[in-house]
Amino acid sequence: MKTRRDFIKISSLGLGVATLSASKLNLFESLKSEEDHETEKLFRQPTYCEICFWKCAGWTYFNEKKKIIKVIGNDKDQHSNGRFCPRGTGGIGAYYDEDRLTKPLIREGKAGSQTFREASWDEAFTVIADKLKKIAAESGPENVALIKHGSAGDHFKTLFQAYGTGNISAPSYAQCRGPRVESFKLTFGEDPGSPEQTDIRDTKCLVLIGSHLGENMHNGQVQEMAMAIDKGASIITVDPRYSTVASKSKFWLPIKPATDMALLLAWINVLIEEELYDKQYVEDNTIGFEKLRHHVKRMTPEWAYGITTIKPDVIRKTAREMANAAPAVIVHPGRHVAWYGDDVQRSRAVGILNAILGSWGRKGGYFLREGISVPKFPIPKANKPRWNWKTALNGQFPLASQSPTNVIVEQSIKGNVDEKYRIRGWFVAGTNLPLTLPETDKFEKAVQDLDLFVAVDTMPMEVTGYADVVLPECTYLERYDTIRSSPHREPNIAVRVPAVEPLGDTKPASWMAKELAKKMGLGEFFPYEDYSEVLDWQLKKMGSSLDEMKRIGVKTFPRKTPIYFAEGEKYRFKTPSGKIELYSERMKQLGFSPLPEYTKHEEPPQGFYRLNYGRAPMHSFGRTSNNPNLTDLMSENFLWVNPKVASIWGLKSNQKVWLKNQDGIVSDFPIKVRITERIRWDSVYMVHGFGHNNKKLKRAFGNGANDSQMISKVLIDPIMGATGMRVNFVTFLKNDPA
Amino acid sequence: MKEELFVSGRNLPNIDPQLHVWHWPIPVYLFLGGLSAGILFFAALYVIKNKGKDLPDSYKKALFVPPVALVLGLIALLFDLTHLFYSWRLFTTIRLESPMSWGAWTLLTITPLAFLWAASNIKLLFPQWDWKYDWIKAIFKFWNENLKYIVWLVILLSVILGIYTGILLSAFNARPLWNTSILGPLFLSSALSGGAAVLIFFSNNEEEKKIFVKLSMLLIVIEGFLFTHMFMGFLASNQVQLEAAEMFLGGDYTIHFWIFDVIVGLIIPLVLELIWLRKQNFSLKIVALLLLFGGIMMRFTMVHAGQAARYLY
Amino acid sequence: MRYAMVIDTLKCVGCSDCVVACQTENNVPIGYCRDWVVEAVNGTYPQLELEIRTERCNHCENSPCVRCCPTGASHIVEGGVVLVTHDECIGCGACIESCPYDARYQHPEGYVDKCTFCLHRVKDGLLPACVSVCPTRCMYFGDLEDPNSEVSKLLKKRDYKTLAPEAGTNPHIFYLI
């Protein structure tokens, strides 16, 4: 008999024991201490930031009393160039947050209601291990999924591969950058990378279509954009909203939402028709050009004008601007590209545009990143899973190279797939699924059908309220983690060394994975006492050591391959043809259009407005909405509404409205209105990551609205399963619907 | 459309969204200080004009107000200081450029003088009073003998006390409403008006009352003139001052200003005084109270509205 | 020696790193700030202009806050930096009233506080905290009296403005436009 899984807002614990005990609460007070810390002696340990995926390397400074004072960038780090972004600087807030989880929690039912009770690690691991063994015995370890984001996932990945599942998923794929991974692989043979291999600091023209660089604080790229501005580079921004970067652009194209494909195709048309493309490069490095030329012949700027509302002469001018700067031109691949369900195709158009401009592999365009591989610590070889998410898909989403988390959710709901393949257990580490995923109803349904749900987090985020077991992780400032080796202009590594001991009863993921493995009889996969042993072993094999890395933090290695193509060099791309595939035979074989096509997308009905969402530079979505330093900068999101719309609805500045979407879903919390000219009259805009409904997040609870709640409709990309989310429309409710 | 907003979530207490660093203690002090200044001024003026004659009882009664008012005002001021423990620092230095320093030192000197003067008339309240100690009796003997010289100091200090509060505000040119040199004379005439009101209140003599009623009417007219002059200046000045004036001409403080400050505080007393001069058939105590009420209301309005007008944003 | 700050509004993206850095460096309590970021939008969609500025005390040469301080707690030191001596401040609030830029605030401990150009760092040859973290490197700090300093060179090369020049305070934060 299954007990229904209630969403337990961890506040039901009541005693407040889940928070830091009174004596430890002083840590927050210490931010206000009178200590003149400028003159006291400070020590430092190297780390790389975990507040977002950029993982900038830096130094954690602390004093003799082991109180963390500040975190600043490492000068040698290519991700940050020595300067952290506001979230990195405010990262100490994640450590000092008094709402942090401090003890493992186990769900138990009591007289009809459910609550969490504190437990020891041993007890928590026993519960988890027993359930996992049960699932393995009853159907197979393959029916468990690890859903991860961030460094914790690295350790649990080893564990779950050892356990025997192939369902290792990250929402950052199908809910975010997945489409461009596949589109660039199809076109260039490799994805643009993370950090992207965009040579912004030397570019002459940066084209941003669907990127709000500057509001998305991708540290290295924002820095390079500032450098480019200093050097006089021109920026072309395509955005229905007057974004920060739009205000710094030479050309801002206020495009009608959902029509970007038409613009991209028209640009390709202009470059080809006016013979502005890089002829030599195209001849040397691409195939399918003639098919492309034929395909875009009718896609003139005039045709695009009718669709996008961008005037034909502007389309031509901007295309010429790009060509003029080529090859030092970048059409940015974007980051979150899951918009309308044809995202792989649109991203292909971006790739093709870059290709005919000749920017790939050229200075000021896309450089060729190089990394250094970190030796694998010797562990036994895991059994290959007999089936995974792909099996149950039966050929759907043929080009999904990673598992779309929405597929994992679907495959967890009873009746959606063959019971043999149904996913019965979730282990979620470092991602707040209810706010991350669209279609909250599916998430909630899936959760009810699970036999086991474990959540690993530093904060009592909403996802923890659904779990059977909650494991409190310590923050990045308190632990060792895997060596960061992100390919960049120069191969480099960075280490994360704890500055202080973990608070309360929190533990690093490296310890959790090891102990849980022991309980599951898989201890041999974690043959270390402390993760620092692994690091030292790996570093010594790379010609360094943990001691050296503690002193320098970041180590850069010389390149072995050229960073740009040499003049006239013919490069072998990792595509089937060995060349840049403007025309994709592979897509044709799979039954998809080999060249991007424009499809019209749904427009908002009368009285509704397209919901656009994005980032604010001082937050990492929901991850930081409780951080004391960062909520001091921005404590809630606002709904951007055009003044014309505001006057139709009689809305006043800072008025609270509830949102209702096309499916009748109403937001839990109201959101304040910002009346601004910066947004089109057919859309509204809000920053993602607010509207938390877990009361234990004292600073975040009830502030702003949750846009994910409004995203009940998605358009799935048939090529790799991404969830296109920009197809929801909202209207305003001026009075509390409750 | 022009939009200007904070991106970094600035919300400083007492400063955002609107400056409100000075709360009720400040207008209360300004009123009490001005009132004391007015009373002391007229008392000193009487002594100067009527050499040798003893102060009439109404003056003596009125002179009991300044010590109380000054002490209450001082307490109100200290209440407003956020770093009270260090307030003694005010008297470690004289800063000629700071009207507040002027005020601190003026208060320091005029308060004991007000106490002494009131104490020297204590027999009015307590006829059996005896200054037991000889040295105290010597002080008052000195006071009474040299009063005709001391009052020159008192008159100077009372004028400074009455006018410096206006100069203090007008020195803040960052607050458009206060950035006018009319505030000094305005506050001084309001202070004198308050002093006259108290004297009217305590007066029993019809002749004396007539003099002060006429004086009060003159002061009301002067205040009205100064207000008009001030508004005309604002409305002809730059954008921020125009916006400051508009607070009283349709903005948030319109009702407060016109009803409390102008109608109740100036016009009704003026009319009543006019009627009294003709008929003299009702108690002037009401008029005095209305004048005092108008005085304190005016200061509340000026202090609050002044903080509402700003330069940027 | 005349310290000044030059801020390039063309590069500032409004990330507010300067605000967090100042807060951690100077123990500014949560809920208070010594510097802040302002966004100014002008126009009608799609003819729009946007200016983003990071603001703080302008360390004016003709400072009304120093003039009106009754105890002398507000004073100017070498380099033209306006400071507040905590133990001499009585919290009267006159300086807050006198500042056209609303740059000062009442610290919960009672005294009046504001940006100090991180003089404790500058003395050691470092940059103020806000300047040192800015990811877009849009903030510059240096000696205006040195013709070879970055700030002097920038002011010669680029167009700039100050805030509320009509207030007559002669501020020393310059915005490149």
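The model is predicted, so local features are taken at pLDDT of at least 70 and side-chain atom pairs at pLDDT 80 or more, while totals for chains, interfaces and linings use all residues; side-chain values rest on heavy atoms, with hydrogens and water left out. Residues are numbered from 1 along each chain as its sequence is written, with chains lettered from A and ligands numbered from 1 in the order in which they are written.

Chain A comes to 25 helices and 26 strands (DSSP runs numbered from the N terminus, H or I of at least four residues for helices and E of at least two for strands). Its radius of gyration is 25 Å, close to the 27 Å that the globule rule gives for 738 residues, so chain A is as compact as a globular protein of that length. That radius is taken over C-alpha atoms, and the rule is 2.2 Å times the number of residues to the power 0.38. Along the principal axes, the C-alpha atoms of chain A fill a box of roughly 70 × 65 × 60 Å. As for burial, 65% of the 738 residues of chain A count as buried (buried is under 20% relative accessible area, exposed is over 50% and partly exposed is in between, with a 1.4 Å probe and protein chains only). Among contacts in chain A with a separation of 6 or more, 75% join residues 24 or more positions apart, contact meaning heavy atoms within 4.5 Å.

Chain C has six helices and 10 strands. For its 177 residues a compact globule would have a radius of gyration near 16 Å, and the 16 Å of chain C agrees. The C-alpha trace of chain C spans about 50 × 40 × 35 Å along its principal axes. Here 72% of the 177 residues are buried, and residues 24 or more positions apart supply 56% of the contacts in chain C with a separation of 6 or more.

Now for the helix pairs. In chain B, helix 7 (residues 206–235) packs against helix 10 (residues 285–308) at an angle of about 20°, with the axes 13 Å apart. Axes are lines fitted to C-alpha atoms, for helices over the stretch in contact, and angles run from 0 to 180 degrees between N-to-C directions. Helix 7 and helix 10 of chain B are therefore roughly parallel to each other (under 35 degrees; over 145 is roughly antiparallel, 65 to 115 roughly perpendicular and the rest oblique). Ser216(B), Ile220(B), Glu223(B), Phe227(B) and Met230(B) of helix 7 make the contact with Leu291(B), Met298(B) and Met302(B) of helix 10. By class, that comes to six nonpolar residues, one polar and one charged (Ala, Val, Leu, Ile, Met, Phe, Trp, Tyr, Cys and Pro are nonpolar, Asp, Glu, Lys and Arg charged, and the others, Gly among them, polar).

In chain A, helix 12 (residues 301–308) and helix 13 (residues 312–325) pack at about 115°, with their axes 8 Å apart. Pro301(A), Glu302(A), Ala304(A) and Tyr305(A) of helix 12 meet Pro312(A), Ile315(A) and Arg316(A) of helix 13. This contact has five nonpolar residues, no polar ones and two charged.

Trp389(A) belongs to helix 15 (residues 389–393) of chain A and, at 5% relative accessibility, counts as buried. Leaving aside neighbours within four places in sequence, the contacts of Trp389(A) include Gly166(A), Asn167(A), Pro404(A) and Ile408(A). Thr136(C), in the loop between helix 5 (129–133) and strand 8 (139–143) of chain C, is buried too, with a relative accessible area of 5%. Not counting residues up to four places away in sequence, Thr136(C) touches Val222(A) and Ala226(A) as well as Lys11(C), Cys12(C) and Val13(C).

Most residues other than glycine have a negative phi, and most peptide bonds are trans. A cis peptide bond, with omega about 0°, joins Ser194(A) and Pro195(A), and Pro195(A) lies in the loop between helix 6 (171–188) and strand 8 (205–209) of chain A. The bond from Asp16(B) to Pro17(B) is also cis, with omega near -10°. Asn81(A) has a positive phi of about 50° and is partly exposed, at 23% relative accessible area. Ser16(C) has a positive phi near 70°, but Ser16(C) counts as buried at 1% relative accessibility.
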